[in-house]
Amino acid sequence: MKISNTFNNSSTITGFILLGFPCPREGQILLFVLFSALYLLTLMGNGSIICAVRWDQRLHTPMYILLANFSFLEIWYVTSTVPNMLANFLSDNKLISFSGCFLQFYFFFSLGSTECFFLAIMAFDRYLAICWPLHYPTLMTGRLCTNLVISCWVLGFLWFPVPIIIISQMSFCGSRIIDHFLCDPGPLLALTCARTSVMEFFWAIISSLLLFIPFLCIMGSYALVLRAVLKVPSAAGQRKAFSTCGSHLAVVSLFYGSVMVMYLSPTSEHDAGIQKLVTLFYSVGTPLINPVIYSLRNKDIKYALQKFLEIQK
């Protein structure tokens with residue numbers, strides 16, 4: 001692959017080179033097949049949950065409506081990176097346009113932000129269902145559920161536009177090579193002409209707020225849930241209450257664990273290989289695993305999926 005370094009600043013750069021996972025041509029084809037299969041499985045898994053909730057009237061409750069919206073979000077989240085990654089596996093120059101790079105940057109982080117807010121409102125829903133079971137139908141109404149879903153999407157897509165626009169207006173010097181499979185702030189800031197310590201600090205602040213505000217809401221909700229469950233006299237009642245939260249807690253742990261490792265420490269501290277692996281886990285791995293976690297631990301979802309498959313046959 002021939003790489004040109006004749007681009008000096010953002011006014012002349014027409015694109016960046018995403019190195020992705022450098023390996024021989026045969027390896028690139030193997031990766032293309034592997035990630036194509038993972039992408040299709042992710043679409044099928046999350047699509048199945050959406051269909052199950054859509055077709056089974058018993059699942060038309062706030063918990064499952066939120067889950068269906070979360071699965072819809074996961075489909076778009078993985079779609080913001082994988083199709084371009086697949087195209088790069090078969091490309092000789094690995095080029096992504098300047099505007100395409102920052103559009104991917106915006107949608108990837110906006111969808112990730114939306115996921116943080118969704119995880120928080122799903123925890124809030126479990127808090128209301130377990131701690132206020134008698135008042136739950138009047139508290140978590142269809143209107144409130146709809147407003148929460150809309151708020152997640154709006155907040156998610158309004159969180160990062162300003163810093164992304166600022167980064168896009170910076171001057172980029174020398175190499176246009178990004179040692180990553182997507183346009184990420186760390187590699188991009190490393191290509192700027194001037195020192196970007198202020199921008200890195202600003203990015204760390206807004207990323208920390210984005211992660212910790214929903215995370216504290218999640219932990220607060222589950223602390224109250226735990227206190228309420230421990231007051232339940234029967235062990236069977238406690239197990240039933242915990243089972244409704246187990247899937248969500250597993251998803252929160254997988255997503256937040258990897259994202260916090262990635263974005264709550266200075267970008268310069270991460271080796272390029274570690275950046276790729278961690279980003280790959282939460283951007284491709286978790287959308288693939290989440291439908292498995294929710295369906296395996298939920299009898300209603302499994303029954304609805306079986307019913308949906310029978311209808312299709």
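1. Which residues in α2 meet which residues in α11? Leu67, Phe70, Glu74, Tyr77 and Val78 in α2 are in contact with Tyr282, Ser283, Val284, Thr286, Pro287, Asn290 and Tyr294 in α11, where contact means heavy atoms within 4.5 Å. By class, this contact has eight nonpolar, three polar and one charged residues, with Ala, Val, Leu, Ile, Met, Phe, Trp, Tyr, Cys and Pro taken as nonpolar, Asp, Glu, Lys and Arg as charged, and the others, Gly among them, as polar.

2. A word on the basis of these values: this is a predicted model, in which local features need pLDDT of at least 70 and side-chain atom pairs count only at pLDDT 80 or more, while totals for chains, interfaces and linings use all residues. Residues are numbered from 1 along each chain as its sequence is written, and side-chain values use heavy atoms, with hydrogens and water left out.

3. Helix α2 (residues 62-79) and helix α11 (residues 272-296) pack with their axes 9 Å apart and at an angle of about 150 degrees; helices are DSSP runs of H or I with at least four residues, strands are E runs of at least two, and both are numbered from the N terminus. Axes are lines fitted to C-alpha atoms, for helices over the stretch in contact, and angles run from 0 to 180 degrees between N-to-C directions. The angle makes α2 roughly antiparallel to α11, given that angles under 35 degrees count as roughly parallel, over 145 as roughly antiparallel, 65 to 115 as roughly perpendicular and the rest as oblique. The crossing of α2 and α11 is left-handed, a term used if the near helix is turned anticlockwise from the far one by less than a right angle, and right-handed if clockwise.

4. Helix α4 (residues 98-131) has its axis within 10 Å of that of helix α7 (residues 161-168), and the two cross at roughly 155 degrees, which means that α4 is roughly antiparallel to α7. Their crossing is right-handed. Phe98, Phe102, Phe105 and Tyr106 in α4 meet Pro161, Ile164, Ile167 and Ser168 in α7, and the residues of this contact divide into seven nonpolar, one polar and no charged.

5. With helix α9 (residues 197-230), α4 packs at an angle of about 15 degrees, the axes being 8 Å apart, so α4 is roughly parallel to α9. The contact of α4 with α9 comprises 22 nonpolar, two polar and one charged residues.

6. Ser113, in α4, counts as buried because its relative accessibility is 0%, buried meaning under 20% relative accessible area, exposed over 50%, and partly exposed in between (1.4 Å probe, protein chains only). The side chain of Ser113 reaches the backbone oxygen of Phe109 at 2.7 Å. Leaving aside neighbours within four places in sequence, Ser113 is in contact with Gly156, Trp159, Phe160 and Leu210.

7. Phe181 lies in the loop between β3 (177-178) and α8 (185-190) and, at 2% relative accessibility, counts as buried. Phe181 and Met85 are 96 residues apart in sequence, yet 6.3 Å apart in space, C-alpha to C-alpha. Beyond neighbours within four places in sequence, the contacts of Phe181 include Leu18, Phe21, Lys276 and Leu280.

8. Lys94, in the loop between α3 (82-89) and β2 (95-97), has a positive phi of about 55 degrees although it is not a glycine. Most residues other than glycine have a negative phi. Lys94 counts as buried, at 8% relative accessibility.

Conventions. A polar contact is a pair of N or O atoms within 3.5 Å; within protein, one must be able to donate a hydrogen and the other to accept it, and residues adjacent in sequence count only if both atoms are side-chain atoms.
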